[in-house]
Amino acid sequence: MNNIKIDFSKQKGRIKPLHGMCCAPYVSNMGNNQIYIDKFFSEGTIPYCRLHDCSGGGLMGATHLVDTTSIFKDFSADETNSENYDFNHTDEYISAIEKTGCKTYYRLGVSIEWGSKKYTSLPPEDFNKWARICEHIIRHYNEGWANGFEFNIEYWEIWNEPENPGNCFGPSMWGGTREEFYELYRISSKYLKSCFPNIKIGGYGSCGFYTETRDISTLDKGFETFVPYFTDFLAMVKENDCPLDFYSWHIYTGDEKELESHAKFVRSTLDKYGFESTESHLNEWNIHSEGSGFAAKHTEEGASFNAAVLGMLSYSDYVDKAMYYCFSYTGMYNGLLNQNDKSIEKSWYPFVAYGRLYTLANMAESQCEGEHIYAVGASDGDNAGAMISNYISNDEWCHIALEGISADAQINLYVISKEKSFEKCMSFTAKNNCDIKIPVPQRTVIYIEILKIKKQEETK
């Protein structure tokens with residue numbers, strides 16, 4: 001029996017924004033009427049959307065979207081002249097995101113290039129000019145420059161996966177040396193912080209730290225460089241007094257414990273180098289990567305993994321923000337939409353459930369006994385909710401004790417499983433708090449909705 005206790009009378013602080021997304025379901029032929037972004041981001045109360053590899057890596061206007069090379073196409077042009085910038089598609093994209101209440105998390109740089117010829121992933125010809133181009137992009141979205149906006153975008157990430165070894169055609173994200181990337185970060189981070197003291201600047205979207213948890217002989221060539229790339233980067237930042245408000249990193253795995261191990265490694269390494277106040281952002285994650293992992297993303301396996309990660313990280317001190325990769329309208333890594341008919345997959349609903357908890361705001365004290373079983377709860381003082389995931393535990397029975405609720409609270413149970421997609425399966429009235437004993441089989445997620453948790457005498 002897996003024992004779970006959630007006490008809504010005891011608060012553990014603000015529930016963390018862990019259900020962010022990489023990319024948004026933008027469709028260029030919809031112009032300003034981005035109905036998919038509006039629908040999904042509103043339904044999931046998505047807190048942050050990271051802009052990287054937007055629009056499925058090459059479809060539907062991606063060549064004119066977000067990347068510095070897409071917005072400022074001629075590097076030899078005058079970067080102070082607004083006529084040399086093309087913001088059109090990116091304006092539509094970000095406006096639709098911000099309209100839902102989601103905040104944009106902007107990656108300054110380029111999308112990945114897997115092909116035999118590299119067009120944008122080579123180092124900029126002039127790092128100082130590149131920084132000034134980024135300055136004007138920020139002014140457009142935060143200060144209204146060039147008929148722009150005042151979105152007050154807070155997070156600006158410099159580049160993505162510069163250490164990515166790529167494939168037989170060479171590196172896919174940064175065609176220069178490690179030292180050249182460090183110099184780009186040094187110059188641009190210091191310059192942008194001097195222009196905009198109130199924004200948060202970080203990077204570099206690390207590929208991950210697989211040598212910390214896997215046999216190096218099983219990894220592709222180049223993976224052994226990821227950890228020293230990280231530690232040397234921190235040493236450079238410290239030596240040059242560069243801003244590093246957040247450090248971003250990635251992992252693709254079917255083992256939630258491995259994900260937790262990497263999160264601990266990043267936090268402890270940041271602290272070791274004196275970056276205790278630097279936020280840790282897991283801004284790309286998903287169940288598995290290529291091969292059979294693509295299928296798992298769309299099923300109850302992916303759904304229960306997503307819920308497990310959200311529940312596990314909620315009560316940890318290792319990750320401040322997280323973003324699922326990815327939610328482009330088309331894309332192999334998008335496990336939230338069926339790529340044939342664009343119908344909603346089971347793996348989307350844990351984000352809806354967590355979004356409801358995020359709206360409730362106050363994380364409840366939780367105790368969870370059981371391997372691969374995760375629970376997170378929240379309340380706003382009047383109503384409450386809890387999400388429970390059994391990812392791969394063999395013991396399916398759960399004893400769920402809900403405390404800090406009134407005797408007449410309404411309880412509704414929703415299930416995400418092989419047979420069900422966030423469907424209400426049970427409703428009843430609580431009696432003297434609430435004890436529930438129910439089966440939660442492998443790869444099943446339960447969302448418990450609790451209405452009117454205040455005791456009657458407290459509401460008079």
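Reply: The barrel and the residues around it

Trp-156 has Ile-201, in strand E6, as its bridge partner. The structure is a predicted model, in which local features require pLDDT of at least 70 and side-chain atom pairs count only at pLDDT 80 or more, while totals for chains, interfaces and linings use all residues. Residues are numbered from 1 along each chain as its sequence is written, and side-chain values use heavy atoms, with hydrogens and water left out.

Helices (H or I, at least four residues) and strands (E, at least two) are DSSP runs numbered from the N terminus. E5 and E6 are part of a barrel of eight strands, closed in the order E2-E3-E4-E5-E6-E7-E8-E9 with parallel pairing. On average, neighbouring strands of this sheet are turned by 25 degrees against each other, direction ignored. Helix H7 (residues 226–240) packs on the sheet and touches both E6 and strand E7 (246–252), its direction making about 160 degrees with that of E6. Axes here are lines fitted to C-alpha atoms, for helices over the stretch in contact, and angles run from 0 to 180 degrees between N-to-C directions; contact means heavy atoms within 4.5 Å.

Most residues other than glycine have a negative phi, and most peptide bonds are trans. The peptide bond from Gly-203 to Tyr-204 is cis, with omega near 0 degrees, and Tyr-204 lies in strand E6. Another cis peptide bond joins Tyr-325 and Cys-326, with omega about 0 degrees; Cys-326 lies in the loop between E9 and H11. In the loop between E5 and helix H6 (178–195) is Glu-161, whose phi is positive, near 45 degrees. Glu-161 counts as buried because its relative accessibility is 8%; buried means under 20% relative accessible area, exposed over 50% and partly exposed in between (1.4 Å probe, protein chains only). Asn-147, in the loop between helix H5 (127–143) and E5, also has a positive phi, near 55 degrees. With a relative accessible area of 72%, Asn-147 is exposed.

The structure holds 52 aromatic pairs. One of them joins Phe-40 and Phe-327, whose ring centres are 5.3 Å apart and whose planes stand at 70 degrees, so the pair is edge-to-face. Phe-40 lies in helix H1 (residues 35–43) and Phe-327 in the loop between E9 and helix H11 (349–360), so the pair ties together parts 287 residues apart in sequence. Phe-40 counts as buried at 2% relative accessibility, and Phe-327 is buried with a relative accessible area of 0%. Tyr-252 and Tyr-325 form a further edge-to-face pair, at 6.2 Å centre to centre and with 90 degrees between the planes. Tyr-252 lies in strand E7 and Tyr-325 in strand E9, so this pair ties together parts 73 residues apart in sequence. Tyr-252 counts as buried at 13% relative accessibility, as does Tyr-325 at 10%. For such pairs, rings of Phe, Tyr and Trp (its six-membered ring) must have centres within 6.5 Å; planes under 30 degrees apart count as stacked, over 60 as edge-to-face and the rest as tilted.

Phe-40 takes part in another arrangement: Lys-39 lies over its face, at 5.4 Å from the ring centre. The criterion is that NZ of Lys or CZ of Arg is within 6 Å of the ring centre and within 35 degrees of the ring normal.

The largest nonpolar core has 127 residues, and those with the most contacts inside it are Phe-41, Tyr-93, Tyr-106, Phe-233, Trp-285, Trp-348 and Met-387. Apart from this core lies another, of 26 residues, among them Ala-364, Ala-384, Cys-398 and Ile-446. A nonpolar core is a set of buried Ala, Val, Leu, Ile, Met, Phe, Trp, Tyr and Cys residues joined through side-chain atoms within 4.5 Å. Leaving aside neighbours within four places in sequence, Met-387 is in contact with residues including Ala-307, Leu-310, Pro-350 and Tyr-447.

Notes
Two strands pair if DSSP finds at least two bridges between them.
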